[in-house]
Amino acid sequence: MKRFLLFFVAASLLAGCASVPPQASTTPTLPDTATPDGMIVPPAEGDIVVEPEPRPVMSVNRAVVALLDRAQLDSAAGKREAAGASLERALRIEPRNAWLWNELARLRLAQGQYAQAVSLAKKSISFAGGEPQLLAANWRVIGKARVGQGDSAGAEQAFRQADELLQPETTPLF
Amino acid sequence: MKLPAFPRNAVLFLFNFLKSHARAIRLTVLLLALGLSGYVFYLDVTIREAFEGRKFALPARVYGRALEVYPGLKLTPEQFLEEIKTVGYHENPEPNEPATYRHTLEGFEFTSRDFVFGDGLQKAQPLRIGFAEGRVTLLQERDKEDADLALLRLEPPLIGGIYPGHNEDRALLRLDQVPKPLIDALVSIEDRKFYTHWGIDPRGIARALYKTLSGQRIEGGSTLTQQLVKNFFLTSERTLTRKGTEVLMAMLLEMHYGKDEILETYLNEIFLGQDATRAIHGFGLASHFYFDRPLERLELQELATLVGMVKGPTVYDPRKKPELVLQRRNIVLQEMVKLNAITQAQFVEARQKPLGVIHRPPSGTSPYPAFLQLVHRQLQRDYREEDLRSEGLRIFTTLDPRVQRHAELALAGRLKQIEKARRMDANTLEGAVVVSSTQNGELLALVGGREARYAGFNRAVDAMRPIGSLAKPIVYLSALENPDSYTLLTPLDDSPLVWKQPGTTDWKPQNYDKKFHDQVPLRTALAHSYNVSTARLGIELGIDNVLDKLPLYGIERRPPSFASSLLGAFELSPVEVAQLYQTFADGGFRTPLRAIREVVDVEGKPLQRYPLNVEPVAAAAPVYLLTHALQGVVREGTAQGLVNWLPAELNAAGKTGTTDDLRDSWFAGYTGDRVAVVWVGRDDNLPSGLTGSSGAMTVWGEMMKNLDPEPLQPAVPEDIELAHIDPVSGLRYDRECAATVAIPFVRGSEPDVTESCPGALTDILTTFGDMIARPEEKPGEKTEDKPEPKPEPEKKNWIQRLLD
């Protein structure tokens, strides 16, 4: 009886795992332009390029969106401190918005604050639920930050994690 | 500062020399002229230095958090009104001037003010706001288009300053902030020719000279400029020499500076009273000191009172000699009518009003002395004291006046009630409260004592007290970090314990109920704060292994390596405890508590930001389990009483703490959005007779009730699995049954599924389970003593085990 039950539960759980589609999550949704990008090429050491992530719907709160816009404008204009301030304002409004934490992580990465970038990406992961796009974005931040920290093995591992998240069918459990 | 003596015998000398030595005279005249011009030059330098020094000694201004308003925000019209009143908005039927508002059916129409934030100027805007069901529903710019606005950052409230000088307190004003009637009154009574004279009033001087020389009392006759000079050098000496120097300096001042500059400095400089060791300078501060309102909110007769006091604030002290001051005030008003500065009607109305001076002056210029002190200390790490006091820095902090107010009210209110209910002498209890925001570690409120307005011993930061059971979560988290050995259901041994350590007497911990509970599940031991099982658990884990974790959670102080430290026999301040619980509340991320967001210079240029920093210091899953156990403390443990204040759905997590002989009563806990720590005890460290739950917890509950907190729903880490457990047997069922509760496990540590849901037994189990769910009522019951022994953990992952 016990064994049978165990097997049944295991089978159903595994079935669940295997059948998760790449975009099984509900919100926030991704616009069409956000094609999953499995071709992450780790940049050369010491050369940190923080390419803009495809912009998903990060929040339905217009105040947060306004602050995000402002942060991205400031960041593009090189005013990174100001961008950080705006992101923190947004986070005060939506402290559990994983996208915002990811934005802040990417900003710190661009500023060369690698340890903070890793921490913030992990914080984002803690709120990300099952959102593969966002999880992958965070692992990419961690990967690049580790490159910056000179930890190439750690970086490679993070990039691999990001890839796997976006291509679950290529990583069978058995 | 001492001035050189005026050459008083110069005339006599000249006369003698003139008679006999014509050539020598010429030489002497030349020398004297040189000397005199040298002296004048010296005076010029001196007075300019003094003036410039005062003019530019700008205190640091400290602001609370700016309220961010946006559609959807939880905010009532009352709360909004309170906020804009705090930042000095006036009601006006046509609210088109900055800082005015009027009520509308759905909310308010108002006009914001220009304000320079750390990220630049935010222009004044005419706006409209609407509310429904406790939320903002509408935010619009009020102009032709009536465009919706996504977000408005209100001007932050000024919560204090860091002032220049030696105990010279002031609240600096720009001339355009000074109400016109004040200037009219001042000129009317003190110096009618102020705008036309060149520093001195020859007729006034002649009159003063005559009276002094003819042996009558020494008299002033000073212009405002002269009074200002006098104020700079603060000597009470009244001689002709000094008068001469003063006249010269006044004329020199007028040569260098315009009337407005001189008047502005005068208004900020003039001495207007004494508060123990603190000198009250300037009308801005005097307004707070005597009327507890900013100058721009004073009425005509109140402005006249202040002006009347210029003559001599020690004599004309409205708290000591109200009648004399009233008389003087009315003289000022009368002079104003004479000069047509006010109408007869205004005069009659103002003259009839009482003095209106507040009985007890507020201490300092900040209503939040404890918070301000913390800010000041943090700034001292990064700035020179003199820069803080003179460079006009603007400090943006995290204080939320609403949270602060409820924290103050809850502490003062509850302590009073407790004293009354327990027939204690009034004011024997003291307390402290720290509130921070869960996800970003910002300090929202800091209460240093029950009289929160009065600067004094800041218990929130400086009171070091044993933390008692508040330390237990550290032990339990250390255990839960080893999911192979410990789960929330692992039975702990609560039988008598003797701990021997060389060099110390044997330690025999007792439970608060003086009983032993044999075997208790881990979560139950924490819920009921059992000392013996916790101590044994900590010893099992290794005392040093547990205590060494403290720096990770932001506690730098290392308690001694005694087993008693596991039960909190070491001291921390409330703010340190808040730091500790912040990490638990934030899923294992440590965020250093912050009181300051940003410092900008006098021109608004950002000098320094104190950014949000996070660091993962504990794995998410064990912290999740700990939070679950701490929610159990509130649901069915020592903090059950919180239900009298907060709904069960809030799912708050918390821990009570009580120290030996009931000296300290603690409560630390968190909701979805706030972490708060409360300490209650006595300053003389005598027993207060309060446990954590009868003292501090009630303050916490009272405060949280009024803050409308967010429910606590921590994000579920990916390696957490919920299992349906029957708390009686410890058995796991394959689905939810009537007798089961959902208990989280780190994946792989959950008990094997053993049974499918027992249909017929449900009712019996429910009844039985209820008895068990509250074991604190029957602490001697043996029902929980024999939970199912946990299966030996296997060293394989769960998939491997399933496939075995």
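**Confidence, then packing**

Colleague: For residues 1-6 of chain B, where pLDDT stays under 50, how many contacts beyond four places in sequence does the model have?

Modeller: Ground rules first: this is a predicted model, so local features need pLDDT of at least 70, side-chain atom pairs count only at pLDDT 80 or more, and totals for chains, interfaces and linings use all residues. Residues are numbered from 1 along each chain as its sequence is written, while chains are lettered from A and ligands numbered from 1 in the order in which they are written. pLDDT is the predictor's confidence in each residue, from 0 to 100, and two residues are in contact if their C-beta atoms, placed from the backbone, lie within 7 Å. Over residues 1-6 of chain B the pLDDT stays under 50, and the contacts beyond four places in sequence number 7.

Colleague: And which other stretch of chain B has pLDDT below 50?

Modeller: Chain B as a whole has a mean pLDDT of 86, with 87% of its residues at 70 or more. The other stretch has 60 contacts beyond near neighbours in sequence, and it is residues 760-804.

Colleague: What pLDDT does chain A average?

Modeller: Two parts of chain A stay under 50: residues 1-47, with 52 contacts beyond four places in sequence, and residues 170-174, with 4 such contacts. In chain A, 64% of the residues score at least 70, and the average is 76.

Colleague: What ipTM does the model score?

Modeller: There are two scores to quote. The pTM is 0.74, and the ipTM is 0.74.

Colleague: How many nonpolar residues are on the side of chain B that touches chain A?

Modeller: In total, 26 residues of chain B are in contact with 28 residues of chain A. At least two residues of that side come from each of β24 (606-609), β25 (615-616), β32 (753-755) and α25 (798-803) of chain B; helices (H or I, at least four residues) and strands (E, at least two) are DSSP runs, numbered from the N terminus. For classes, Ala, Val, Leu, Ile, Met, Phe, Trp, Tyr, Cys and Pro count as nonpolar, Asp, Glu, Lys and Arg as charged, and the others, Gly among them, as polar. The side of chain B has 7 polar and 5 charged residues, and the nonpolar ones number 14.

Colleague: Why are α2(A) and α3(A) roughly antiparallel to each other?

Modeller: Helix α2 (residues 62-76) and helix α3 (residues 80-93) of chain A have axes 8 Å apart; axes are lines fitted to C-alpha atoms, for helices over the stretch in contact, and angles run from 0 to 180 degrees between N-to-C directions. Angles under 35 degrees count as roughly parallel, over 145 as roughly antiparallel, 65 to 115 as roughly perpendicular and the rest as oblique. α2(A) and α3(A) are therefore roughly antiparallel, as they pack at an angle of about 165°.

Colleague: Is the crossing of α2(A) and α3(A) left-handed or right-handed?

Modeller: The contact of α2(A) with α3(A) has 10 nonpolar, 2 polar and 4 charged residues. A crossing is left-handed if the near helix is turned anticlockwise from the far one by less than a right angle, and right-handed if clockwise. For α2(A) and α3(A), the crossing is left-handed.

Colleague: How many nonpolar residues has the contact of α17(B) with α22(B)?

Modeller: Helix α17 (residues 472-480) of chain B packs against α22(B) at about 135°, with axes 9 Å apart, so the two are oblique. Among the residues that meet are Y476(B) and L480(B) in α17(B), and V623(B) and L626(B) in α22(B). That contact has no polar and no charged residues, and the nonpolar count is 10.
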